[in-house]
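Please look through the complex shown below.

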Amino acid sequence: MIKNLRRASQAVFLLIFLFLFIQTESKGYDDLGYPVRLFLDFDPLIFLTTLLASHTVPVAFYLSVILIVLTIFMGRVFCGWVCPLGTLNNMMGTLRKARPIGNRRRLYRWKYYILLFILAAALFRLHLTGVLDPLSLLIRSLSVSIYPLINYAVRSFFDTIFFWNPPVIVQGSEFIYDLFKRSVLAFEQPFFVQSAFIGLLFLIVLGLNLIERRFWCKFLCPLGALLGVLSRYALLRRSLSEGCDACGACETLCQGGAIHDGDRWDLSECLYCMNCDDLCPRNAVSFGFSAKGEPAVLDLGRRNVVIAFASGIMSVPLIRTTALSKPGYVNPRLIRPPGALEEKEFLRACIKCGECMKVCITNGLQPTLFEAGMEGIWSPVLIPRIGYCEYRCTLCGQVCPTGAIARLPLEAKQKVKIGLAMIDEGRCLPYAHATPCIVCQEACPTSPKAIWLEDASVKNREGKIIRVKRPRVDLDLCIGCGICETLCPVIGQPAIYVTNVGESRSKTNQLLLPGAAT
Amino acid sequence: MNRRGFLKNAAVVGAGLTLPGSCGLVFRALEASERVDLAVAQGKSPAQITKAAIDVLGGMKRFVAKGDVVVVKPNIGWDRTPDYAATTNPEVVGAIVRLCYEAGAKKVKVFDRTVSDARRCYRQSGIADAAGAAGAEVSHIDDRKFRDVRMNGLVLKSWPLYVDVLEADKVINVPIAKEHGLSRLTLGMKNWMGVMGGWRSRIHQSIDESLVDVARAVKPTLTVLDAVRILTANGPTGGSLSDVKQLNLVAVGTDQVAMDSFGATLFGFKGSDLGYVQLGAKAGLGVMDLAKLKIKKVQV
C-alpha cells in the first residue's frame, strides 16, 4: 500500500529531523557532527529569498535545487512525504473528523499571497521568510520553546522522585533519567525569553488542524505555495479510470484538499499522500507519469496579486523607518554573536531559525522581540547575564544556515569583538564598598587578560585601610565575550557589563580613535 | 593510628622491652621514621613521575584500601588544552586513577565544577578521556547533589559541598600549580572551589579565610600537585604558551598546607607569602615551614 509507504517516509524523515535537532548540541569538541540545518539547506524558499535579500547564498543551499527539480517533476511530494512540520500537522489533524474541503477552497490563495508578499519584500532586501518558512518556524519553535518545555517536564518529574527519595524506586528512576540525559535531554535545562510566546504561536499552528486538517499546509505555508507554483507542470499526475462514479469518498480524506466537486483535482494542492489511490472503492484512482488530463488551475485574482505584491513592497519602508535605522542610534545591548555580519547585512541574511540559540553552549544567545526592529524579530542577541560567549567555541557560526553568522576559524573568532565591557564603579565591590573581589579578572579569557587589577588602598567606615585590587578594562584587548558580566557576583544589575560599542562588524559603532595606542 | 602516634608507641614499647622479640618492632619503627612527608619526582613522563612520587610515600596501597570508593579531584575549571597549563595534566590524573584501582579501589570518581562550559572543559582538558580510559567514572556535576556542610570556620558558617566528596572513602586532590590574581597562586586548597556549590565566587571577598574553612571540611587523604607545566602569569585561565613553564615535576603529600607551601617555592615564593597557607598553619591544618618536613626528591 503506497499510503503506508508514505507514512513510513514521513516517520523516517521526522525521526531524522529530530535526531539532527538533538544532535545540534556541543559534545565538548570543536566541531559539531550533524546540525539540523541540513533540512534548511534543501529549502528552496530560503534559497530564493536569501539570494534576493542578501545577494549571497552559501554553497550548501544548492542542495535545494534537488527539491526544485523533484517538485517540477513530481509535484509537492515534499509536503506529503518529507516535511517534518507537515507530518506533525498530519498527526494533529487526525484529532479532527475528516471532511471534504468544501468552500474553504478559497483560502488556498492566502498562502500564495503570503509568498508574494515575502518575495516582494525580499526583492527590496527585506528578509521576512524565516518568520513563516515551515522549517525555520519548526526549528525555532522546538529550540526556543518545545524542547526546553520537554526538558523541564522530564527533569521536574525525575527531580521530584529524587528528592522524595523512596527506596529502590529512586535507583530505578535515576537509571532511567540517566538514559534520558544521555540520549534526548539537553546537557543543561535551556531557558529562553519569549519561550511561551513562540511556543504559543507554534501550538496555534498545530491547533489550526482542529479547524481544518493541515490548515497550515493548505492555507498558510509559503514554502508549500512556492512548491505549488513549481509543480504546475508536474508530470506525476492523478488519473481516474472509467470506473469513477464521483462518489466523493476520496474528497473527504484528501490531505491537501486537492479533490473537490467529486472528481476535480488541483495539481498544485496535491500532497501525493495517496489516500485517494488507497481507499477508492472502485479502484479507479491511479498516479502515473504518462497521465493525461488538464488539472484545475487556481485563479488568484489579478487585483489580489497586485495588492499582495504591493503590500510586500510597502512593508519595506514601513519596517525600515524604525529609529534604529537612524544613523548613530544603536541599541547598545544588541550584542550579536561573533562572526555576525554588519547589522544591515545580518538582517538581510538571518532567517530566525534559532539554531544558533539551540547550539549556544551557555544559553546566552536569546531571541529578540523588537530590540533590532520588527525586521529583526527572533534574531539572536547575546544576553550576558544569562550566558556569555565561550572563548574557544565557534558553534553558532557552524550551524548558521545562511552565513548571517560567518563560520570563522577559532583564531579569527577569538579576535572578533562583539562589544566592550565597562565597569559600574558605583556597584563594583572594590570600588564602592571596600570589599575585595576579582571574579571578572579571574575569568577573563584573553591572554593577556583584558581585565587587569590595580592595587588600591581604601578606607572602610571604621577608617581602617583595606587593600583591594580594582578591576580595569583594557579596551584594546576586551572582546566583549561577557563572561565577566555573567559571573559578576553583584546579582541582578551587574557591576561590569557589556555593550556593543566597539563591535568589529560595525564601522560606525566605535569608541576608540583608530590607530591610537591606549 | 597516624605516623606520629605509631612512633611514640613504638618508642615507648621499644624502650620498655628488653626482650629479643622486640627487635622486630624497633626495626619497624626505624623504617617508619624514614617515611617522608612530601615526595617530589621529576622526569619526562607525567604518569611515571606521579607513580614514583607516590611510591616514595609508600605506594598507593598506603592510602587506598581494598573496596574503597575514591574521589580524584583534578582542576578541570577552564576550556583549555593541556599545553596551556590551565587544567591538571590528564596523564597525571590517569596515572592516579590506575594506581587507585591497582590498590584495590572499588570505584574511582573524577569530576570538577568547572567555570567555563563543562562539556568543553572535560573534553578539551583531555581529562575525561584519560580518566575514562583508566576506568574512572567521569561525571558532570549534578546540581542536586550539594549538601550544606556546617563549618563554623573563620568566615564561612556553612557552605554546600558536593555529596560525592563528602561520602567518599578517600579523596585525592590533584591540583595544577598556577598564578592567580587574588590569592597569588592557586594550588591545592584553592582546588576545593571545584566541589563548592552555590555562588562560590563570593568567597573572593575573603579568599584566604574561606579557602582554609573549605579545606578543613574536605580533608583529603592525599594531595598530588601537578607541576608538569605551571602557569606563571594570566592565571588561572592562561591562554598563552609564553606564560607556561615546563617543570616536569609532581609533588605528593598528605598535608594540605605543606603541599601549598611547597608549591609556592615553584614560583619563587615562600609559603608565608600566601595568605591561606599562613592561616591554614595557624589554624592547625598543617605545617607551613618546609624545614620541619622531610622532603625527598627523585628523578625518573
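Which residues are buried in α1(A)? They are Arg6(A), Gln10(A), Phe17(A) and Phe21(A), where buried means that 20 or more other C-beta atoms lie within 10 Å of the residue's own, exposed means 12 or fewer, partly exposed is in between, and C-beta atoms are placed from the backbone. Because they cover an arc of only 45° around the axis, they sit on the same side of α1(A); the arc is that of the directions from the helix axis to the C-beta atoms. The other side of α1(A) carries exposed residues, among them Leu5(A), Ala8(A) and Leu15(A).

This is a predicted model, in which local features need pLDDT of at least 70, side-chain atom pairs count only at pLDDT 80 or more, and totals for chains, interfaces and linings use all residues. Residues are numbered from 1 along each chain as its sequence is written, while chains are lettered from A and ligands numbered from 1 in the order in which they are written.

The buried residues of α1(A) pack against α2 (37-41), α5 (77-82), α6 (84-93) and α9 (134-164) of chain A. Helices (H or I, at least four residues) and strands (E, at least two) are DSSP runs, numbered from the N terminus.

In chain A, the domain assignment, which is automatic or from a database, gives domain 1 (2-145 + 199-288) and domain 2 (420-499). The centres of these domains, taken over C-alpha atoms, are 53 Å apart.

Chain B has an average pLDDT (the predictor's confidence in each residue, from 0 to 100) of 91, and 89% of its residues score at least 70. For the complex, the predictor gives an ipTM of 0.92 and a pTM of 0.92.

Conventions:
Contact = placed C-beta atoms within 7 Å.
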